[in-house]
Amino acid sequence: MKKRIVRSLIISLVLGAILFAIVFYKQSYEVVLPKLVCQDCNVILITMTNLRYDHMSSNGYFRPTTPNLDKLAKESLVFDNAFAHSSWTLPEGISIYTGLYPYEHGIMNRYDGSKLSANIPTLVDILNSNGYKTAAFTGGFDYKEEFGLTSRFSYNKKCVKEPKVYYQNTQNGQKQKVIDEIIEYGEFDCTIPGVLSWLQTNQHSKFFLHVQGFDAHCPFSEKGGYLYDKNYRGTIDYTSCLWTFDRSKPVIQNGKTFYPVYSTKTGTASAVLLGERDIFHMIALYDEAIKFADEKIGLFLREVRDIGL
């Protein structure tokens, strides 16, 4: 779902990167920026996996998906010309922390036993050696310790989702109960409470925090379209991920156009056909997921300010 990528594929409070840029600018051009440079600053990195740049309301999107991030952007230094190292989370996350391209650090497969070499330093290692408390609160999956990144934090908490119950429409217009057992993709409603609890204990230390959520990652069905598309009457199962790694060639049935995709529940054994109305609904579900994630991030930012950090 990634097209144009800003803030390195994610929405980030990357104060460390900003500080490096400011210090370089100050040294090169002798510009004094005392309000923007601080010794031993705390750093909070927020990453929302699978957030599209062009679906943020601050970038002109037609739905008000990100009011809290829009407000943050007005107070921030925003990078509009940023590019991701990769199109998916695992190699990108490693690249953010190492400054290496994926082909250099070698972590490009979840299932072949790849692990970041202990000889490759990361930002976490540098901060650990300079007296920072480092803590990661992630949704697991591509941030599992076995990949060799989050294991380097002095504190690491992996959140997973509880199985959820959804209701989907059947062909006769009835509601069918579905239990979603996808628990790998932990979201902000799991990671943020842990971060706030950690901050209460460690707010007087200098720290680096990474809080991450898979809220904008498929399956896009948390609220079922109640916000942006209440009138959908289709029967597509959105509680699974619907995917394709190539352009979906249209199929014509009864004069209507459909696009074949695959489901995580059925694999490539059979294709799911999406009509234009189904695609519209899936986009609405995706935007809805962004909206609710933005609310959680807004709550987190307010709590951080209330603590006085």
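The term salt bridge here means a side-chain nitrogen of Lys or Arg within 4 Å of a carboxyl oxygen of Asp or Glu. Arg-52 is buried, at 15% relative accessible area. Asp-54 is partly exposed, at 25%. On those words: buried is under 20% relative accessible area, exposed is over 50%, and partly exposed is in between, with a 1.4 Å probe and protein chains only.

A word on provenance. This is a predicted model, where local features need pLDDT of at least 70 and side-chain atom pairs count only at pLDDT 80 or more, while totals for chains, interfaces and linings use all residues. Residues are numbered from 1 along each chain as its sequence is written, and side-chain values use heavy atoms, with hydrogens and water left out.

Now the overview. The chain has seven helices and 10 strands. These are DSSP runs, numbered from the N terminus: helices are H or I with at least four residues, strands are E with at least two. Of the 309 residues, 47% are buried. Take contacts, meaning heavy atoms within 4.5 Å. Among those between residues at least 6 apart in sequence, 65% join residues at least 24 apart. The chain exposes about 16700 Å², and carbon and sulfur atoms supply 53% of that. Areas come from the Shrake-Rupley method with a 1.4 Å probe; for residues, only the protein chains shown count as cover.

Back to salt bridges. How many are there by this rule? The count comes to 10. One of them joins Lys-206 and Asp-40, at 3.3 Å from N to O. Lys-206 sits in the loop between helix 6 and strand 6, and Asp-40 in the loop between helix 1 (15-29) and strand 1, so the pair ties together parts 166 residues apart in sequence. Both ends are partly exposed: Lys-206 at 25%, Asp-40 at 40%.

Next pair. Asp-229 bridges to Arg-277, with the closest N and O atoms 2.8 Å apart. This one also links distant parts of the chain: Asp-229 is in the loop between strand 6 and strand 7 (242-243), Arg-277 is in helix 7, and they are 48 residues apart. Asp-229 is buried, at 6% relative accessibility. Arg-277 is partly exposed, at 36%. There is also a network: salt bridges that share partners join Asp-189, Asp-215 and Lys-296.

Let's move to the helices, starting with helix 6, residues 188-202. At 1.5 Å a residue, its 15 residues should span 21 Å, and the end C-alpha atoms are 20 Å apart, which agrees. That expected span is 1.5 Å times one less than the number of residues. Which residues of helix 6 are buried? Phe-188, Thr-191, Ile-192, Val-195, Leu-196, Trp-198, Leu-199 and Asn-202. The general point: an α-helix has 3.6 residues a turn, so residues three or four places apart point the same way. The buried residues of helix 6 pack against strands 1 (43-48), 2 (133-138), 3 (155-158) and 6 (207-213), plus helix 7 (276-307).

Contrast helix 3, residues 89-98. Nine of its 10 residues are buried, so the rest of the structure largely encloses it. Those buried residues include Glu-92, Ile-94 and Tyr-97. They pack against strand 1, helix 4, helix 5 (123-129) and strand 6. Gly-99 follows helix 3, with a positive phi near 75°.

The peptide bond from Cys-218 to Pro-219 is cis, with omega near 5°. Pro-219 lies in the loop between strand 6 and strand 7. Two residues other than glycine have positive phi: Phe-141, at about 55°, and Asn-254, near 55°. Buried or exposed? Phe-141 is buried, at 12%, whereas Asn-254 is exposed, at 82%. Phe-141 is in the loop between strand 2 and strand 3. Asn-254 is in the loop between strand 8 (251-253) and strand 9 (256-263).
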